[in-house]
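User: I want each label on this model set against its cut-off. Take me through them one at a time.
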Amino acid sequence: MSRILPLSAALLLLTACTPGDLPDGWYPAPDGNPKAHTATPIVTCGDFDSLRLDSLPSDNGTFIYQISGSVKPERRKRWAEATRKAVGRHLVFLYRGEIIAAPCIRMPMDAGTFSISSPELSGDADRMRQLFRDLEAQMR
């Protein structure tokens, strides 16, 4: 009995701290660090208004894929403010508890638009299609 309580407490603590508990979406990167994120999202997939899977040919004859989208009109002010604060720094896109994109923001995005691309995923059509389908399902 004395071993069960500490083990239960440890499992509860590990479960409570699982990064996958955070919703998929865009997060501020503390101090502009592209390998970290805050616990509070700027917008989540439920705040997305539209998504599109785009492709363009690369120099080596393959295709590069990215997801382009926009946030709902009622979230655009929040998105614009966050991107304005992040100019010269990074925002991160969190998917299933992992950072998959961390663009450096060059200018505020007042129209509510964004793009998700990743060197690890952008050349893999199947993985990008799956990501697109997963994000699109979360919009509903």
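User: What makes the second largest pocket a pocket, and what volume does it have?

Analyst: This is a predicted model: local features need pLDDT of at least 70, side-chain atom pairs count only at pLDDT 80 or more, and totals for chains, interfaces and linings use all residues. Residues are numbered from 1 along each chain as its sequence is written, and side-chain values use heavy atoms, with hydrogens and water left out. On a 1 Å grid over the protein atoms alone, a pocket is an open set of points where a 1.4 Å probe fits, with protein on both sides within 12 Å along at least five of seven lines. The second largest pocket has about 160 Å³. That volume is the space filled by probe spheres set on the grid points, which are joined across faces, edges and corners.

User: Which residues line the second largest pocket?

Analyst: A lining residue has an atom within 4 Å of a point. The lining consists of Tyr95, Arg96, Glu98, Ile100, Leu121, Arg127, Gln130, Leu131 and Asp134. Helix H3 (125-139) and strand S6 (98-101) each supply at least two of the lining residues. H3 gives the most, with four. Helices (H or I, at least four residues) and strands (E, at least two) are DSSP runs, numbered from the N terminus.

User: How do the residues of that lining divide into nonpolar, polar and charged?

Analyst: Four are nonpolar, one is polar and four are charged. Ala, Val, Leu, Ile, Met, Phe, Trp, Tyr, Cys and Pro count as nonpolar; Asp, Glu, Lys and Arg as charged; the others, Gly among them, as polar.

User: What is the volume of the largest pocket, and which helix gives the most to its lining?

Analyst: The largest pocket holds about 200 Å³ of space. Helix H2 (residues 76-85) gives the most to its lining, with four residues. Among the lining residues are Pro28, Ile42, Arg78 and His90. The lining divides into six nonpolar, one polar and four charged residues.

User: Why is Thr44 called buried?

Analyst: Buried means under 20% relative accessible area, exposed over 50%, and partly exposed in between (1.4 Å probe, protein chains only). Thr44 has 17% relative accessibility, so Thr44 counts as buried. Thr44 sits in strand S2 (residues 43-44). Leaving aside neighbours within four places in sequence, Thr44 contacts Pro23, Asp24 and Gly25. Contact means heavy atoms within 4.5 Å.

User: What makes Ala125 buried, and where is Ala125 found?

Analyst: Ala125 has a relative accessible area of 17%, so Ala125 is buried. Ala125 is found in helix H3. Ala125 and Ser55 are 70 residues apart in sequence, yet 9.0 Å apart in space, C-alpha to C-alpha.

User: How many disulfides does a search of the whole structure find?

Analyst: The search finds zero. The criterion is a pair of cysteine sulfur atoms within 2.5 Å.

User: Are Cys45 and Cys104 buried or partly exposed?

Analyst: Cys45 is at 1%, so Cys45 is buried. Cys104 is at 23%, so Cys104 counts as partly exposed.

User: Why is Asp31 called exposed?

Analyst: Asp31 is at 76% relative accessibility, so Asp31 counts as exposed. Asp31 lies in the loop between strand S1 (25-28) and S2. Asp31 is not a glycine, yet its phi is positive, about 55°.

User: What makes Arg96 exposed?

Analyst: Arg96 has 59% relative accessibility, so Arg96 counts as exposed. Arg96 is in the loop between strand S5 (91-95) and S6. Phi of Arg96 is near 55°, a positive value in a residue other than glycine.
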